[in-house]
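Hi everyone, thanks for coming. I'd like to walk you through a model I've been looking at, so please get the picture up on your screens.

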Amino acid sequence: MSGITRRMLMALLASSVLATAAPAFAQQDVDEIIIGGSMPLTGVFAFAGVAIEAGIRDYVKMINEEGGINGKPVRFIYEDTGHQIDQAVAIFNKLTTQHRNIHLYYGDSTGFSRTINPELERRGDIMLTSVSFASEINNPETFSNQFIAGPDYSQMVSILLEHIAKEKPGARIVFVNSDGEFGRDPIEPSTARAKELGLEVVEQIITPPGAVDVSTEVLKLRRARPDYTIFHGYILSPLPEFMTQARQLGLETKFMGTFWSMDSSIWEDVGEHADGFMGVMPYRYYYDDAADAPMLERIRQMRPQYQPTGYTQGFLTAMLMTEAAKRALDAGKELNGANLKAALNSIQDFDTGGIIGVPISISGNSIPVGRIYQYSASARRMEPVSDWISLKD
Amino acid sequence: MRIATAKQTYLADEALIRTRTQMAWCGVLAASLLAAPFVLDSYWLYLACLVLINVASATGLNILTGYTGLVSLGQAAFMSVGAYTVAWLERNTGMPFLLNLLLGGGVAAAVGMLVGIPSLRVKGLYLAIATIGASIILHFVFLNWTSVTGGARGLQVPPASLFGTQLTTYFQLYWVFMPITVVMVIGAANLFRTRIGRAFIAIRDRDISAGVLGIPLLRYKLMSFAISSFYAGVAGGMWVYFFRVVSPESLTLADSIFFLAAIIVGGMGSILGAILGAIFMTLVPEVLRYAVEAASPYVADAGSLLSPIRTIAFGALIMLFLVFEPQGLAEIVQRIRRFFHLWPFKK
């Protein structure tokens, strides 16, 4: 009896799996612009992926309400990758097989951007961007059909260093990086840049991935006595632990971070210890009500609740992708990787509706612009402490 | 009901294919493998290549864990060794890619033997932890031996080349990976018709008894590690020709768990089990995508809302298999075979 039940259950399982495997027919995407996406909606990067997906979707909705791109509707199709490269590549293949006219694509990681690059070069019909700000992608020769919707990680640290050099010439700096591809990304160029700016890098601390106990590293920090401590390669942990212990030891250093550790919502839960944390942000925050930021006002109308910085990245990315498509179509060019990238590179002094506080130009693969913000625990917000800083090429 | 299959010789009794039915099914499988690239689109061809790589690696792990009883969570690290070796050879020498794959397997086998040394003293969970330790050491090497491994950014690899043609499409790569994997699987199946394979099984069943029977435990355990790691190394080499890039974050502990889960779900100590397990673990998450896709017209924002459910469903499927079919998918196949062997006399 139990054997029959077991077999029936297994048969039911197998049939339900097979039933969902209905063949996917190549769809007729008549006269529309499609943005494909391998999105990290689950897994360790889901916090960003969900926000980015919402940002892209909102911009697509907005542009469609305004009549699309030269009358062509825009569609965003995507699937979850779990932040795994093989799945991200599988989705890329699936979507590009099902929809022949995907020419714009959003990827889920540095690993994906790097892995899919040979295929992008071989196909030649797609321009890609991703969640990654990795410095290696900022190379128009090797990543010719890709771009970054902001400064790369090395440029982010350079923006911080320029601010420091202006605020305190000759300052002592410690870099704290996580031990991985993400964390190690900006170390070499940042060290060189600090030297150029007359800043002294007095210590380089590498923490193991997922490190929680940082007391040894804090002792190194105390010995180095830096004016500024720049973190990279983290979202939140172990930054609060670092800051708490350092303050208990009476260290006066200013703590700074880069894009992924700069969302104000992640610092809200930290409370008072988060007060004073600084960092670089290429976009204005959701709650910035500057007069020259009408796009943020539109976002607030669409979504009354706070949207994280990942949302803004997704929103701006969709804006830049569709702008490139529009420019290519206006020039009578076929939509392919090279033409879309050329159209993107033709963007000069472009007004993002205030998402970035200055007009932007995209000469290479990145937008080397950012601003220094500081977290105020009482206001529970990131507040600007510098003007917009544009790096020279 | 199957009749008239009595064997006259030991050789016939030990043959890989023993009945005409088996012969027919093998013919169907061979025809399917040959026809696949002509009927599959780019997406399914990509998955077919990925399945072939995973089958090769899972078969290797099955030799070690399923047949020799040595639990390893280092399979992905051994694949990485093969991948880095192949990547380095492809970038720095002009050697043919098949030779690179063999050398990748060879280097992985050498590393595997080193890692296998503790297996004489520890087994079970202790050995699993020892292999995790080895993975951590290898990860450190990949990350810090920058002149060879490219450090955190890893190595980009030019495409494999055969008779002057660069193998860049999934169609081309399939024709390389498929025969290699078939040879590896047949090799593994044949291994267990030899003295070496029987020694592995004896060690798995009771290593002390195997020792008493005169099987040198260290030699055979290290041999099992070497063969398993060779399979992983070749699979890693195929992996790097497939993805054309390898970094310390390419093949992680999660991938080792993936392969262990594959042989458990498929059926440990069964060649068919490793194949079915690798297919299951690779394809079911993809098949479940279609469930999300099917729900899209009815659920607003299905992509982001249902994706976590897809992950949960995949996990639940694995758990259900473990609970209701602990012998793995291979046992289901055996049950189906038994049904037809005895039909119509057993309901």
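Predicted model: local features only at pLDDT ≥ 70, side-chain atom pairs only at ≥ 80, totals over all residues.

How many residues of chain B are in contact with chain A? There are 34 of them, and they touch 32 residues of chain A. If you want to find that side of chain B on your screen, look for helix 3 (42-67), helix 13 (271-295) and helix 14 (302-324) of chain B, the elements that give two or more residues to it. By class, the residues on this side of chain B are 19 nonpolar, 7 polar and 8 charged.

Let's zoom in on one piece of that. Helix 3 of chain A, residues 85-98, meets helix 3 of chain B, and their axes come within 7 Å and cross at roughly 155°. An angle over 145 degrees counts as roughly antiparallel, so that is how helix 3 of chain A and helix 3 of chain B run relative to each other. Which residues make the contact? From helix 3 of chain A we have Asp86(A), Val89(A), Ala90(A), Asn93(A), Lys94(A) and Thr97(A), and from helix 3 of chain B we have Ser42(B), Tyr43(B), Tyr46(B), Leu47(B) and Leu50(B). In this contact of the two helices, 6 residues are nonpolar, 3 are polar and 2 are charged.

Now stay on helix 3 of chain B, and follow it to a partner within its own chain. Helix 3 of chain B packs with helix 12 of chain B, residues 253-266, at an angle of about 75°, and their axes are 9 Å apart. Those two helices of chain B are therefore roughly perpendicular to each other. On the helix 3 side of chain B you'll find Asn54(B), Ser57(B), Ala58(B), Leu61(B), Asn62(B), Thr65(B) and Gly66(B), and they meet Phe259(B), Leu260(B), Ala262(B) and Ile263(B) of helix 12 of chain B. The contact of helix 3 with helix 12 of chain B has 6 nonpolar residues, 5 polar ones and no charged ones.

Over to chain A for another helix pair. Helix 8 of chain A (residues 215-224) and helix 9 of chain A (residues 239-248) have axes 10 Å apart and pack at an angle of about 50°. That angle makes helix 8 of chain A oblique to helix 9 of chain A. The crossing of these two helices of chain A is right-handed. Ser215(A), Val218(A) and Leu221(A) of helix 8 of chain A meet Phe242(A), Gln245(A) and Ala246(A) of helix 9 of chain A. By class, that contact between helix 8 and helix 9 of chain A comes to 4 nonpolar, 2 polar and no charged residues.

Next is helix 7 of chain A, residues 187-196. Which of its residues are buried? They are Ile187(A), Ser190(A), Arg193(A) and Ala194(A). After helix 7 of chain A comes Gly198(A), with a positive phi near 80°.

Asn70(A) is not a glycine, and its phi is positive, near 50°. Asn70(A) lies in the loop between helix 2 (46-65) and strand 2 (74-80) of chain A. Is Asn70(A) buried or exposed? Asn70(A) has 10 other C-beta atoms within 10 Å, so it is exposed.

Arg244(B) also has a positive phi, about 65°, without being a glycine. Look for Arg244(B) in the loop between helix 11 (217-243) and strand 4 (245-246) of chain B. With 22 C-beta neighbours inside 10 Å, Arg244(B) counts as buried.

Last stop: a cis peptide bond joins Ser237(A) and Pro238(A), with omega about 5°. Pro238(A) is in the loop between strand 8 (228-232) and helix 9 of chain A.

How values were computed
Residues numbered from 1 in each chain as written. Chains lettered and ligands numbered in written order. Buried ≥ 20, exposed ≤ 12 C-beta atoms within 10 Å, placed from the backbone. Helix = DSSP H or I, 4+ residues; strand = E, 2+ residues; numbered from the N terminus. Axes fitted to C-alpha atoms, helices over the stretch in contact; angles between N-to-C directions. Parallel < 35°, antiparallel > 145°, perpendicular 65-115°, else oblique. Left-handed = near helix turned anticlockwise from the far one by under 90°. Contact = placed C-beta atoms within 7 Å. Nonpolar A, V, L, I, M, F, W, Y, C, P; charged D, E, K, R; others polar.
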